[in-house]
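Here is a friendly walk through one model, told as questions and answers. Have the viewer open and follow along.

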Amino acid sequence: MAVQAPRPPAYRVALVAFPGIRAFDVSVITEVWGSDRTDRGAPAFDLRRAAVDSTPVPMRGGLALHPDRTLTWLSRADLIVVPGLDDHLTPAPTPVLDALRRAHARGTTLAALCGGAFTLAQAGLLDGRRAITHWNLIDLLRTHHPRVNVVPDALFIEDANIWTAAGTAAGIDLCLHLVRRVHGAEVAATIARSMVTAPFRTGTQAQFIEHPTPRADRDADTLAAVREHALRHLHEPLTVADLAAYAGMSPRSFARHFTAATGTTPLRWLLAQRIATAQKLLERTDLPMPEIARRAGFGSEVTMRQHFASRLATSPRAYRAAFSTPASVTGAPDNASVTGGNNPIAR
């Protein structure tokens, strides 16, 4: 009788709760790490709501969160997430700030959604470090915490194993990114599909884009067709000039309209899609590295390795070793779902 390999321990996530936290952010954290998706290939998560004591934590709208752990559980967590605040100057309880300081000193990953950056700043954890919050709160964060290096425009960023995110939807982006970096792109895509949300937006993307107008709507339709074309031909050596020609625009005009519509440049967008495609191929196939580099459009394994090092702080081989699935598909055809327009990572 075959002996099954022991199941790896659940990834432990602590949601830090105290009066004033936003119900939306609590819901996002709970949806990402609090749902059991092991039947779809996702790992087991152990999400706990940690507070000073067991007293229900009031939230706006008549809601209340019932803690199931005290702050001592933070010492066991692999990841600690701080929700945003309804009143962004809400002082966090001293025990919360002390627990966050101890967690960071232990090397635990910390993440704050939206105004949760103010809580980390109260703890002094953002002093001299880069951080982001909702674009409308940037001046407030700078005023009340002048030692924080506030980044003016990004979806999420990291400094010294501390992650901060912009408002609302960017919190979802950060949570999925945190899943992706620990468990791989396929797991993040599985969770994103169940949430019916986009699984891949880079942290450097702008927080908001220009308001649509009738002309902008027409441009958006054109640019959407260009992106779809690019995804289906990602294995080819596409350039901005190639995409501009497909859109019927000059390269300069195309780059301007693309950035206004998507919040990122064509080159950054292309690179993000190539990396995402390579990640999926590494996870789901046993194709050799040169072939993966070709299908993802990097041209060579050396170029792919350089971009993995700069963007993911790892190598393609190390990524495959960490995230490849047991049931990998050998020799998936060109423009299959792992590389083409139906790629859930690239969309």
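Before we start: helix axes here are lines fitted to C-alpha atoms over the stretch in contact, and angles run from 0 to 180 degrees between N-to-C directions. Keep in mind that this is a predicted model.

Q: At what angle do the axes of helix α12 and helix α13 cross, and are the two roughly parallel or roughly perpendicular?
A: The axes of α12 (residues 301-312) and α13 (residues 316-323) come within 9 Å and cross at roughly 70 degrees. Angles of 65 to 115 degrees count as roughly perpendicular. The two helices are therefore roughly perpendicular.

Q: Which residues of α13 meet α12, and how many charged residues does the contact have?
A: From α12 come Glu301, Met304, Arg305 and Phe308, and they meet Pro316, Arg317 and Tyr319 of α13. Sorted by class, this contact of α12 with α13 has four nonpolar residues and no polar ones, and its charged residues number three.

Q: Where is alanine 313, and what is its phi?
A: Alanine 313 sits in the loop between α12 and α13. With 71% relative accessibility, where exposed means over 50%, alanine 313 counts as exposed. Most residues other than glycine have a negative phi. Alanine 313 is not a glycine, yet its phi is positive, at about 55 degrees.

Q: How do α10 and α12 pack, roughly perpendicular or roughly parallel?
A: Helix α10 (residues 266-284) has its axis 11 Å from that of α12, and the two pack at an angle of about 100 degrees. That angle makes the arrangement of α10 and α12 roughly perpendicular.

Q: Which residues of α12 meet α10, and how many nonpolar residues does the contact have?
A: On the α10 side are Arg268, Leu271, Ile275, Ala278, Gln279 and Leu282, which meet Met304, His307, Phe308, Arg311 and Leu312 of α12. By class, the contact of α10 with α12 has two charged and two polar residues, while its nonpolar residues number seven.

Q: In what order do the strands of the open sheet run, and which are its edge strands?
A: The sheet has seven strands with mixed pairing, in the order β5-β2-β1-β6-β7-β11-β10. An edge strand pairs on one side only, and that applies to β5 (69-70) and β10 (156-159).

Q: In which sense do β1 and β6 pair, and which residue stands opposite alanine 14?
A: Strand β1 (residues 11-16) and strand β6 (residues 79-82) are joined over three bridges, in the parallel sense.

Q: What does isoleucine 80 contact, and which residues touch the most other members of the largest nonpolar core?
A: Leaving aside neighbours within four places in sequence, isoleucine 80 is in contact with residues including Ala14, Val16, Leu74, Leu100 and Ala103. The largest nonpolar core has 75 residues, and those touching the most other members are Trp33, Ile80, Leu100 and Leu120.

Q: Which helix gives the most to this core, and which strands does that helix lie across?
A: The helix is α5, which gives seven residues to the core. Helix α5 (residues 169-183) runs at about 150 degrees to β11 (162-165). The strands that α5 lies across are β1, β2, β6, β7, β10 and β11.

Q: Is threonine 119 buried or exposed, and which residues does it touch?
A: Threonine 119 lies in helix α3 (residues 116-122). Not counting residues up to four places away in sequence, threonine 119 touches Phe18, Val82, Leu85, Ala92, Leu97 and Leu100. Its relative accessible area is 0%, and buried means under 20%, so threonine 119 is buried.

Q: How far is glycine 116 from histidine 88 in space?
A: Glycine 116 is also in α3, and at 0% relative accessibility it counts as buried. Val82, Pro83, Gly84 and Leu85 are touched by glycine 116, not counting residues up to four places away in sequence. Glycine 116 and histidine 88 are 28 residues apart in sequence, and their C-alpha to C-alpha distance is 7.9 Å.

Q: Where is cysteine 114, and what is its phi?
A: Cysteine 114 is found in the loop between β7 and α3. At 4% relative accessibility, cysteine 114 counts as buried. Its phi is positive although cysteine 114 is a residue other than glycine, with a value near 50 degrees.

Key:
Residues numbered from 1 in each chain as written. Predicted model: local features only at pLDDT ≥ 70, side-chain atom pairs only at ≥ 80, totals over all residues. Heavy atoms only, no water. Pairing = 2+ DSSP bridges. Helix = DSSP H or I, 4+ residues; strand = E, 2+ residues; numbered from the N terminus. Contact = heavy atoms within 4.5 Å. Parallel < 35°, antiparallel > 145°, perpendicular 65-115°, else oblique. Nonpolar A, V, L, I, M, F, W, Y, C, P; charged D, E, K, R; others polar. Core = buried A, V, L, I, M, F, W, Y, C linked by side-chain atoms within 4.5 Å. Buried < 20%, exposed > 50% of the residue type's maximum accessible area, 1.4 Å probe, protein only.
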